[in-house]
Amino acid sequence: MATYIALLRGINVSGQKMIKMVELKAMFESLGFEAVQTYIQSGNVLYQSKDLRENEMVEKIHSAILERFGFEVDVQVFSVPNWNQIIANNPFVTRENLDEAKLYVSLLANEPLPENVEKLASFAFQEETYQLIDRAVYLYVPKGYGNAKLSNNFLENKLKVSATTRNWKTMLTLRDML
């Protein structure tokens, strides 16, 4: 059995796409996943599985959510080594006087095309910084994510790739739960 993290995009936000975590956990268990745990209400699920590739799990989870809850949700699945590499790659954590509460990671469903990466690079926002490494956009937003120009929707629009964003504390908590 290998352990994975599934991230669901945009559930339980502003009363939209509501899924109770107890129901989400039960759905994962009904799919044959084991040791299922959820973390907070924003669609973070840890579980164990065997004999499935990550893309097969994404499709299985996506289809089950549509069938059970009646709406589409973008799903990303990460293995433990992949998750640990995303954590290790964060270029901002070595900076002095960094407020980790202002640090976020937008995880991309696919690698963006080079022309879309160039498009994103043409935008600059005062104080907000980012770095794209593989399929992770590391963000530092000193005025808070709620006021950020480099939002999930902005990144999706410019990179033409589905994304889901988590704060650094959630990223580390999920790692620790593994």
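Colleague: What kind of model is it, and how are the residues numbered?

Modeller: It's a predicted model, where local features need pLDDT of at least 70, side-chain atom pairs count only at pLDDT 80 or more, and totals for chains, interfaces and linings use all residues. Residues are numbered from 1 along each chain as its sequence is written, and side-chain values use heavy atoms, with hydrogens and water left out.

Colleague: Okay, sheets. What is the strand order in the sheet that has E1 in it?

Modeller: That open sheet has four strands in the order E2-E3-E1-E4, and the pairing is antiparallel. The edges are strand E2 (34-39) and strand E4 (75-79), each with a single partner strand, so one side of each has no neighbour in the sheet. From one strand to the next the twist averages 20°. Strands here are DSSP runs of E, at least two residues, helices are runs of H or I, at least four residues, and both are numbered from the N terminus. Two strands pair if DSSP finds at least two bridges between them.

Colleague: How many bridges between E2 and E3?

Modeller: Four, in the antiparallel sense, with E3 covering residues 44-49. Tyr39 has Asn44 in E3 as its bridge partner.

Colleague: And which helices lie across that sheet's strands?

Modeller: Helix H1 (residues 21-30) lies across strand E1 (2-8), E2 and E3, at about 155° to E2. Helix H2 (residues 54-69) lies across E1, E3 and E4, at about 145° to E4. Angles run from 0 to 180 degrees between N-to-C directions, and axes are lines fitted to C-alpha atoms, for helices over the stretch in contact.

Colleague: How do H1 and H2 pack against each other?

Modeller: At an angle of about 125°, with their axes 11 Å apart. They are therefore oblique to each other; under 35 degrees counts as roughly parallel, over 145 as roughly antiparallel, 65 to 115 as roughly perpendicular and the rest as oblique. H1 passes H2 in a right-handed crossing, and a crossing is right-handed if the near helix is turned clockwise from the far one by less than a right angle, left-handed if anticlockwise.

Colleague: Which residues meet there?

Modeller: On the H1 side Glu23, Leu24, Ala26, Met27, Phe28 and Ser30, and on the H2 side Ile61, Ala64, Ile65, Arg68 and Phe69. By class the contact has eight nonpolar, one polar and two charged residues. Contact means heavy atoms within 4.5 Å. As for the classes, Ala, Val, Leu, Ile, Met, Phe, Trp, Tyr, Cys and Pro count as nonpolar, Asp, Glu, Lys and Arg as charged, and the others, Gly among them, as polar.

Colleague: Switching over, what about the sheet with E5?

Modeller: It's an open sheet of four strands too, in the order E6-E7-E5-E8 with antiparallel pairing. Strand E6 (129-133) and E8 are the edges, each with a single partner strand, so one side of each is left without a neighbour in the sheet. E5 and E8 run antiparallel and are joined by five bridges. Leu108 has Ala163 in E8 as its bridge partner, and Val105 stands opposite Arg166 in E8.

Colleague: Is E8 mostly covered or mostly open?

Modeller: Mostly covered, with four of its five residues buried. Buried means under 20% relative accessible area, exposed over 50% and partly exposed in between, with a 1.4 Å probe on protein chains only.

Colleague: Where does H6 sit?

Modeller: H6 lies across E5 and E8, at about 85° to E8. Helix H3 (residues 80-88) packs with H6 (residues 168-177) at an angle of about 140°, axes 10 Å apart. That makes H3 oblique to H6, and the crossing is left-handed.

Colleague: Why is H5 largely enclosed?

Modeller: Six of the eight residues of H5 (residues 152-159) are buried, so the rest of the structure largely encloses it. Phe154 and Leu155 are among them. The buried residues pack against strand E5 (103-108), helix H4 (114-121), strand E7 (136-140) and strand E8 (163-167). Just after H5, Lys160 takes a positive phi of about 60°.

Colleague: Last one, which residues does Ser49 touch?

Modeller: Leaving aside neighbours within four places in sequence, Ser49 contacts Met1, Ala2, Tyr4, Phe33 and Met57. Ser49 lies in strand E3 and is buried, at a relative accessible area of 6%.
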